[in-house]
Structure formats: structure tokens, C-alpha cells
Amino acid sequence: MMRRFKGVCGLSMVLGLTFSVIPTGDTQAAGVTDYNLTGFSAGNTGGGLISESDTARYKKVYNATELAQALKKGSGVRVVEIMNDLDLGWNELPAAAKVSPFAAHNAASTHPVLLKTGVSKLNVDGFNGLTIFSANGARLRHVAVTIKRSSNVIIRNLEFDELWEWDEKTKGNYDSNDWDYLTLEENNKVWIDHCTFNKAYDGLVDSKKGTSGVTISWSLFKGDDGSTTSWVTRQFDALEANKSAYPMYNYLRSSAVGLSQSDIIAIAGPQKKGHLVGSTEFDSGNANLSITLHHNYYKNIQDRMPRLRGGNAHVYNIVMDAQGAWAAKKKLTSAMASAISSKGYHFDLTSNGAISTESGAVLVEKSHILDVQYPVRNNQTDPSDASYTGKIRVVDTIDSLNGVVFRGDSDTSGSPLSPVPATVKAFSWNGFSTLPYSHTAEDPSTLVPRLTAADGAGAGRLTWAKVNWLKTSY
């Protein structure tokens, strides 16, 4: 597909697509409107169109100290441009950055890199109008970011990386470190766009405490690829060199289970959790939850795309591609699973898609689901108790499992997209009868090539006039 953009100097640039530019940085041609802000975050202004010359409100950040200063509560900064990759582990921060909004996070215990770098928390608190972006798809490593009590926040073209380790402490239950790349709490209007999220210890982007008006668009969420130098492989190389120091890993490698190191890497590689929306059952703030997911690619994510408790979630034009995870799951025999559970260890692969519980409303439309065992779920606690059941409907979506392909709705007779395990609740939105915004959904058969193209989902995929990252419409 050839797309033309308008930007500076009238020059053509090629990024698997072609675009021309004009001095204003405005984008005029067909195709760019694909990137307009829509969804529940419509109306989000972010930091606004602030000039780079306004050095009080526009900060170019090259290091952790500058980031701390820019995101300190009450800084007055409206636009933060991340100029390069940043290593933000607690042990990597200079003394000048070891102040609010940074704090030490839970200490690492197994990954050889994180044992050296440490992990930080970055709390972005009390901003009304803020854009954080990179023009070049910069990476933030070893840090968990929480945005709280803020409104009109935009995060674009950033990659989040290196925040996972093997869990011996809770025997593979991953219930200790609480490392999420992004956590949204008590916010209104947050747009996350063209970002990449790699494998994390806990969730990738969670939204809770009544956060409303969230849109996540054109973003890539992915597990580890298991290559020889990947983050997960480096972890297991370290464990393999000293197996006796890690009882759970040693047991998986023993004759009692019989998994090879490469088997373990394949099974551990997929990301466990995507989006938790609402952290507590029946919390009074859950009614306010609202999130739109569109044009996102979920590569080997095991669960929660999204998982909603109360409130509303609109999901359209996403791809759930769990082909690698589904193949890895087959490496675990029933005998292996029994041996693992007999020791109280947790080592398996979940295979869930979109989930709605506690009367939450989730609409999934025109999406593509590949090798997800339970693509649509409506109860995670007690299928016999309707108070725990959510409302979830699927429209014109492609589902493929073990080579069997279906295209249709959740209420089509025999549909693999019919919600399980509870009795289906009739779908309706919570608090309104129709969506409060307009959107255009594409044919789901086009999504895989579109979202994996050179200008597809994720950070660093678009090269255009820098000012375009500050805009919300084109």
C-alpha cells in the first residue's frame, strides 16, 4: 500500500510507504486520518501544539535526571520529547534522579541484567495536559510507569522493555514483583498510540481505580521471540549455569519432568497478561471504566485482551495472534503438568482472549483471532453466580484454531466466539445506548498484513514531521 503524507520541505521519504511534506507539518492526504484519535479518549488534548522554542513547557529529555525534572509534579511541562533510549533501573539512576517522581521498585531476584540495574517506579501524578513522545521510537527500560490523578495525557511512539524475570519466589505464580509497564489510576482521557510493549513480569497496560476515557491504538504487544540473545533466553542461560540454586527451574529440567532448556524458553516466552481493566471485583469506581482498543497487534499474549470488570470496553480491528504460544503449549504433556503441579509449581500457558466480568460490557468487532483456545470469556470466578458474569458480544470477526477458520458473530449458531463459561447475558452498554464517538472499522481479513507492515502497529514505524506526534487529528 502506498500512502502519501504532508510534512516539511516538500521532500519524499520512504518508509515502506511514501510521503511528501509541507512547512506546516500538516498532514492532508488520504490515509493519514487512520491515525486520528478516536475511541473513549476522543477530545483528549494532550499537551497541545507547543513550540520547541517554549523551553518552559516543551522539554527535550536526554537522560534520567532531565526526565525526573520534566515529570515532577507541578513542573508546568506540557510536552516531553524523549530523544534517545533511557535505562531507568534504580541502580542506573544518578543521585540527581533518585528523587520524586522516581522511586525504587521491588528488587529483582533472578534475571542477571536486572540484578545489576535494579527496577524503578516512575509516578506521573497530577498533570492536566501532557504529551510524552519520541520522534524515533526510543526505548524506556527497567522502569514501571504509573500515571495517576491526571487528565488529557498522550503517550506516543515509545517502546517499553526489559521488565521480566523468572519467578522462583512465588513458584511461577508471578505474584511478587508487581512490575507493569504502564498503570493508569484515577485518570480521565489517556491516549496510548504507536507504542511497543515487550514481555513483562505482570501486566502490560492496566487501567484501574475508575480511570475513564482510555484509547490504545496502533500499538504492538508481544512476548519474547526466544532468539539466542533474547531477554528470556539470557535469563535461562543464567539459570542453566547454576540449576541447583533455582529449585523450580531445576525440577523442570530434571527427569521428573523432562523439559529441555529450549522447551522452557518456548513455554516461558509468551506474555502472560495484557490489559486488566478494573483491579478489584465490584469496586465502586469500576462503573466509570472505559477503554477503546483498536489497530493493536497482540503477538503471543496469553490472556486479557482485555479483561474488564464493570464499565465499558470497545475492541475493534485488533489481531490476537497466539500461534507461537499455542504451539508451545503442546510441548507440555499431561504427565508433565501433573508432575509440575504436584510440587506446587505453576508452569503452563493460558489461552484466553477478550474477557468481561461483573456486568462489564465488551464489544469486539471486525478483529482477527489466531489460535486462542477461549477467545471470548464472560466469567472468571463462579459461572453459576450471574453477578460475576459480564456482557460480551463479537461482530464480524475471524477466528482460527488448529486450522479451522470461522468468520461471523458470537451469536451465530455453533460459533466458536460464543462466550464461555457462564450463561450469556444480553449485550448492552453501561450508561449509554450507543457509542459516544464515531469510528470506521476495516475488513478483518486485511488486518494481519496491515498491522505487520512497515508502517503498521508499534513504535518506530512512522517517520513524519515531529509536530504530528503532538496532534490528535490530521
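Which residue lies over the face of tyrosine 374? In this predicted model, local features need pLDDT of at least 70 and side-chain atom pairs pLDDT 80 or more, whereas totals for chains, interfaces and linings use all residues. Residues are numbered from 1 along each chain as its sequence is written, and side-chain values use heavy atoms, without hydrogens and water.

**View 1. Arginine 377 over the ring of tyrosine 374.** Arginine 377 lies over the face of tyrosine 374, 5.1 Å from the ring centre. A charge sits over a ring if NZ of Lys or CZ of Arg is within 6 Å of the ring centre and within 35 degrees of the ring normal.

**View 2. The aromatic pair of tyrosine 35 and tryptophan 218.** The structure holds 22 aromatic pairs (rings of Phe, Tyr and Trp, the latter by its six-membered ring, with centres within 6.5 Å; planes under 30 degrees apart are stacked, over 60 edge-to-face, the rest tilted). Among them, tyrosine 35 and tryptophan 218 are edge-to-face, at 5.0 Å centre to centre and 75° between the planes. Both tyrosine 35 and tryptophan 218 are buried (under 20% relative accessible area; exposed is over 50%, partly exposed in between; 1.4 Å probe, protein chains only). Tyr35 and Trp218 belong to one aromatic cluster with Trp464, Trp469 and Tyr474.

**View 3. The aromatic pair of phenylalanine 40 and phenylalanine 432.** These two rings are tilted, with 6.1 Å centre to centre and 50° between the planes. Phenylalanine 40 counts as buried at 8% relative accessibility, while phenylalanine 432, at 25%, counts as partly exposed.
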